[in-house]
Amino acid sequence: MAASSTYTYKVLKSSWGIRIALVAEVVPDDGSFLHAIYLGHGVSLAQSIADSRLSAAEIEMLSAGLRSVAVEIANVTAQKPVVVVLNDVQFVESDYQVEGLAAAIIGWATAQFGLEEHDIEVSFNRETNRYDFRWPGAEPG
Amino acid sequence: VVAGTTPVLVHNCGTTDFYTVQGPEDATRLSSGGHPFPTSPERAHFGSGVYAWGNEADAAAYAANKSGAQIMRFAVDNNALAGLRQAHVGSMTDEAATQFMEQNSLLWGGDASHGLEYISRPTARGVEHYFSSDIFHLLGF
């Protein structure tokens with residue numbers, strides 16, 4: 001298994017963007033992460049962040065993103081159960097939208113496991129002052 | 001009053017209030033001259049200075065999840081404000097705003113050598129107002 005690695009998701013299409021740095025590692029699932037969230041296909045998500053600032057909605061968005069690539073991860077790990085352990089998530093609140101967490105963890109998993117690139121289309125909606133995401137395949141959730 | 005497409009400010013008397021959210025140490029620093037100003041991209045992406053919100057509600061929302069944070073109000077004379085070298089990213093097209101951020105924000109690959117004294121920009125959670133440390137003496141805390 002690989003060591004902890006950092007992935008930075010960035011998108012900028014107006015006066016503000018989404019910039020999220022995510023640090024995570026993958027470890028064999030030996031049952032030691034009691035609070036891990038099982039996402040299917042032998043893939044779970046856990047946090048090692050002692051003082052996590054992440055809300056329930058943010059954890060759910062990370063879970064949704066990782067769940068959307070769980071089948072691909074299982075193909076790489078030969079179905080052996082693994083836990084993706086979040087070690088750190090950094091962002092600046094002025095340049096942040098929660099959906100970016102799903103894109104960030106998909107990007108991290110793509111790099112970490114050598115998955116095929118995922119084309120996540122993002123556009124900025126000035127009227128709502130939000131980024132609209134178009135996910136490849138089914139929407140994370 | 002508007003002449004062509006150029007706004008003409010006829011009457012500038014009075015002041016404009018801004019609201020900055022600071023922890024205890026930074027509140028003390030701003031109350032005693034401001035130095036040393038933070039320089040990290042996460043805290044000073046347009047360069048050293050004061051970052052504020054244009055209304056108290058935005059500041060309160062930003063401060064809500066920050067233990068020990070306080071809202072500091074300051075006023076800027078409208079004549080002085082009008083005379084500052086300034087840019088307002090919200091009035092630009094999305095393409096121009098993106099280019100501005102890429103050139104001038106340390107968060108987005110810029111070098112913050114813009115020479116501007118006042119920049120406003122819409123963010124994910126309100127309009128951010130940046131005042132250069134060079135004109136700190138004009139900020140009435």
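Buried here means under 20% relative accessible area, exposed over 50% and partly exposed in between, with a 1.4 Å probe and protein chains only. This is a predicted model, where local features need pLDDT of at least 70, side-chain atom pairs count only at pLDDT 80 or more, and totals for chains, interfaces and linings use all residues. Residues are numbered from 1 along each chain as its sequence is written, and chains are lettered from A in the order in which they are written.

Start by selecting A:Gln79. This residue sits in the loop between helix H2 (70–76) and strand E5 (82–91) of chain A; helices (H or I, at least four residues) and strands (E, at least two) are DSSP runs, numbered from the N terminus. A:Gln79 counts as exposed because its relative accessibility is 51%.

Next, hop to A:His41, in the loop between strand E3 (37–40) and strand E4 (43–47) of chain A. Here's another non-glycine with positive phi, near 60 degrees. At 47% relative accessibility, A:His41 is partly exposed.

Now over to chain B: pick B:His35 and B:Pro36, which are joined by a cis peptide bond with omega about -5 degrees. B:Pro36 lies in the loop between helix H1 (24–31) and strand E4 (49–53) of chain B.

Finally, zoom out to all of chain B. You'll find four helices and eight strands, running β-β-β-α-β-α-β-α-β-α-β-β from the N terminus. Of its 141 residues, 43% are buried.

Key:
Side-chain values use heavy atoms; hydrogens and water are left out.
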